[in-house]
Amino acid sequence: MTKPQQALCILIFSFSFLANLTESRLSIDYYSKSCPRFSQIMQDTITNKQITSPTTAAATLRLFFHDCLLNGCDSSILITSTPFNKAERDADINLSLPGDAFDVITRAKTALELQCPNTVSCSDILAVATRDLVTMVGGPYYNVYLGRKDVRVSKAADVEGNLPKPTMPMSQIIDVFAKRKFSVQEMVALSGAHTIGFSHCNEFSGNIYNYSRIPYYDAHYNPRFAEALQKACADYQKNPTLSVFNDIMSPNKFDNLYYQNLPKGLGLLESDHGLFNDPRTKPYVELYARDQNEFFKAFARAMEKLSLYGIKTGRRGEVRRRCDAFN
């Protein structure tokens, strides 16, 4: 692509981005008059929660992904099931979503309802909480435009095949993002979220036990790392809560060590190994491993884009009084 073509693409994206914001009436200071203490209440709530439960940042980031990537950032992931409807959060892939993430959103919503009743949407709370928590653990700051509305529909049946799984082939993961207009580079940048948090042993047990070839684990693993995982997850069938940090080098710090781990065979999930071994994604893994600033810039751009994906505004949604239930 020539430089004039690149400039034209950037210009077109900028115009479409601004048009989307204008049409949707989103703004950074959306609650400046209707809920002046919005930012302070959010900051106080997430700070208290992160201090008492340090896994909250990673948990909320994952919750945000699972909400937005399906049908847009509309807080449908927060709705609980009823006897008449199995909601998204009870789909198989969502059963392992950590409770700390749901809890911090509930706390923020409760505090905001006391201050500004029926004003702030659960969708905006989740978007801002995610950004602020990522920043709190060392990640990049990015703009979150506000004014999203919440939906009244949440169906577990919509989830299967529409969220990336760690066991998916890389082509299928790329396709999940491509259907939502995310490039391969954006997908690799968003995968850097694995720099914090943990995964349950049953998500990768097939790669470290009963492997069909010698050695009896996926050869993409560093041998010592594979042996350590086998020991750490030895009782995973009896204790399904057993888990391992995604980034064993700096599990609670948002940095680029996740990418540096992959060439060394220290990726935890099958999809992690796939990022380094697939020729479409490997160049971006190597770029972000070399340059944390490039990773941070790419991650911030991709998160800002994701936070606007499929949003509902105006009459297409509402402000739920409770994030986990219909009004």
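Author: Helix H6 (residues 170-178) and helix H7 (residues 184-191) pack at about 100°, their axes 9 Å apart. This is a predicted model, where local features need pLDDT of at least 70, side-chain atom pairs count only at pLDDT 80 or more, and totals for chains, interfaces and linings use all residues. Residues are numbered from 1 along each chain as its sequence is written, and side-chain values use heavy atoms, without hydrogens and water.

Reader: Why is H6 called roughly perpendicular to H7?

Author: Angles of 65 to 115 degrees count as roughly perpendicular. The angle here is about 100°, so H6 is roughly perpendicular to H7.

Reader: Which residues of H6 and H7 make the contact?

Author: Met 170, Ile 173, Ile 174 and Phe 177 of H6 meet Val 184, Met 187 and Leu 190 of H7. Contact means heavy atoms within 4.5 Å.

Reader: What makes Lys 49 and Asp 103 a salt bridge?

Author: The term needs a side-chain nitrogen of Lys or Arg within 4 Å of a carboxyl oxygen of Asp or Glu. For Lys 49 and Asp 103, N to O is 2.8 Å. Lys 49 lies in helix H2 (residues 38-52) and Asp 103 in helix H4 (residues 99-115), so the pair ties together parts 54 residues apart in sequence.

Reader: Why does Lys 49 count as buried?

Author: Buried means under 20% relative accessible area, exposed over 50%, partly exposed in between (1.4 Å probe, protein chains only). Lys 49 has 4%, so Lys 49 counts as buried.

Reader: Is Asp 103 buried or partly exposed?

Author: Asp 103 has 27%, so Asp 103 is partly exposed.

Methods: Axes are lines fitted to C-alpha atoms, for helices over the stretch in contact, and angles run from 0 to 180 degrees between N-to-C directions. Helices (H or I, at least four residues) and strands (E, at least two) are DSSP runs, numbered from the N terminus. Angles under 35 degrees count as roughly parallel, over 145 as roughly antiparallel, 65 to 115 as roughly perpendicular and the rest as oblique.
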